[in-house]
Amino acid sequence: MNASPTSILDTIGNTPLLPLQHVVPANSARIFVKLETQNPTGSMKDRMALAMIEAPESDGRLPPGGAVVEYTGGSTGVSLALICAVKKHPLHIVTSDAFSKEKLDHMRLLGARLTLIPSENGKQTERLTKDMIREAHRIAEQTGAYLTAQMENTDQLHAYTLMADEIWAQTGGRIDGFVQSVGTAASLRGIAETLRQRDADIRVVAVEPAESAVLSGGPSGAHKIDGIGAGYVVPLWRDGIAHHIERVSTDEAKAMAFRLAAEEGLFCGTSTGANVTAALRLAEQLGPDATVVTIMCDTGMKYLKTFAEHLTS
């Protein structure tokens, strides 16, 4: 972090790497989590949102004060809303009632305009993802706004190259496995490719919802792990990015998120629960002399109402 930040944007990145103490069993590899909750909006998406705005600003695709449009399940929208508020770009977000109300409210409070696409029983599906994308393209074409288009935007890869450099430095180059869930695939791809340039033997595991395990050859389905599992093979995905694709169910992800809160004091979202579930499986395979790194993608405060409903049901 910049010792003397001049803007909230200067506080993005350089997040801590924390060892898990209690959920990791004996005779298992060490597991470290990158605390992306320390970013300004409590999400790793602050990194990619900044990259997706700064790159087109620098080459003229996005003029000063130019409008921006994006489709998002929430965290990317919140992060873009923060960046655009600071940089004075009007922002139009296409999202859905399938995603947490806390995220939608956060986007509005940061000044974004929202268009909501109805979901099927509050779940994320391939149809919903593609409906959101279609509407964002329509708005961009109609208004002339710059479409960041996170599912195909390669500007964001630079943000994750920098994140990989942080992980390498924080582990002293001692890392045997890396685990990350797949939304756009940019974070997994950017981090994994950079780490492998330093050590080709690092084992990379991709995580997807068991209910919609399209990357590992399963059918598209509905799930409730926010931010991952688009329901189809996303454009930024590349075969060979991961050695293995781990399937984690919504129930498993949620249960682990609750365990992390109760046992480690880490209040996180369900994508983090999925990451740690998969990291535990890899850690068991690699054994006690190994080190596994995964990502705490965002804070559980983004899902507080949803989690509270579960606790009182």
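The questions below go through the sheet, some loop residues and the aromatic rings.

User: What kind of model is this, and from which number are residues counted along each chain?

Analyst: This is a predicted model, in which local features need pLDDT of at least 70 and side-chain atom pairs count only at pLDDT 80 or more, while totals for chains, interfaces and linings use all residues. Side-chain values use heavy atoms, with hydrogens and water left out, and residues in each chain, as its sequence is written, are numbered from 1.

User: Which strands stand at the edges of the sheet?

Analyst: Helices (H or I, at least four residues) and strands (E, at least two) are DSSP runs, numbered from the N terminus. Two strands pair if DSSP finds at least two bridges between them. Four strands form an open, parallel sheet in the order S5-S4-S3-S6. Each edge strand has a single partner strand, so one side of each is left without a neighbour in the sheet; these strands are S5 and S6 (146-147).

User: Over how many bridges do S4 and S5 pair?

Analyst: His92 stands opposite Arg113 in S5. The pairing of S4 with S5 (residues 113-117) is in the parallel sense, and the number of bridges is five.

User: Which residue in S6 is the bridge partner of Val68?

Analyst: Strand S3 (residues 68-71) pairs with S6 in the parallel sense over two bridges. The partner of Val68 in S6 is Tyr146.

User: What is the handedness of the β-α-β unit made by S4, H3 and S5?

Analyst: A crossover is right-handed if, with the strands pointing away from the viewer, the path from the first strand over the helix to the second runs clockwise. Helix H3 covers residues 101-109. The unit made by S4, H3 and S5 is right-handed.

User: Which residues in H3 are buried?

Analyst: Buried means under 20% relative accessible area, exposed over 50% and partly exposed in between (1.4 Å probe, protein chains only). Just after H3, Gly111 takes a positive phi of about 100 degrees. Within H3, the buried residues are Glu102, Lys103, Leu104 and Met107.

User: Is Lys88 buried or exposed?

Analyst: Lys88 is found in the loop between H2 and S4. Its phi is near 65 degrees, a positive value in a residue other than glycine. With a relative accessible area of 62%, Lys88 is exposed.

User: Which residue's side chain is joined to that of His89 by a polar contact of 2.7 Å?

Analyst: His89 lies in the loop between helix H2 (75-87) and strand S4 (91-96), and it counts as buried because its relative accessibility is 5%. Contact means heavy atoms within 4.5 Å; not counting residues up to four places away in sequence, His89 touches several residues, including Ile53, Leu62, Val68 and Cys84. A polar contact is a pair of N or O atoms within 3.5 Å; within protein, one must be able to donate a hydrogen and the other to accept it, and residues adjacent in sequence count only if both atoms are side-chain atoms. The side chain joined to that of His89 by the 2.7 Å polar contact belongs to Glu57.

User: How far apart in space are Asp226 and Ser75, C-alpha to C-alpha?

Analyst: Asp226 lies in the loop between strand S8 (203-209) and strand S9 (244-248). At 8% relative accessibility, Asp226 counts as buried. Asp226 and Ser75 are 151 residues apart in sequence. Their C-alpha to C-alpha distance is 8.8 Å.

User: Why is the pair of Phe258 and Phe307 edge-to-face?

Analyst: Rings of Phe, Tyr and Trp (its six-membered ring) pair if their centres lie within 6.5 Å; planes under 30 degrees apart count as stacked, over 60 as edge-to-face and the rest as tilted. By this rule the count comes to three aromatic pairs. The rings of Phe258 and Phe307 have their centres 5.1 Å apart, and the pair is edge-to-face because their planes are at 85 degrees.

User: Which residues do ring pairs link into a cluster?

Analyst: Phe258 counts as partly exposed at 22% relative accessibility, whereas Phe307 counts as buried at 4%. The cluster linked by ring pairs consists of Phe258, Phe267, Tyr303 and Phe307.
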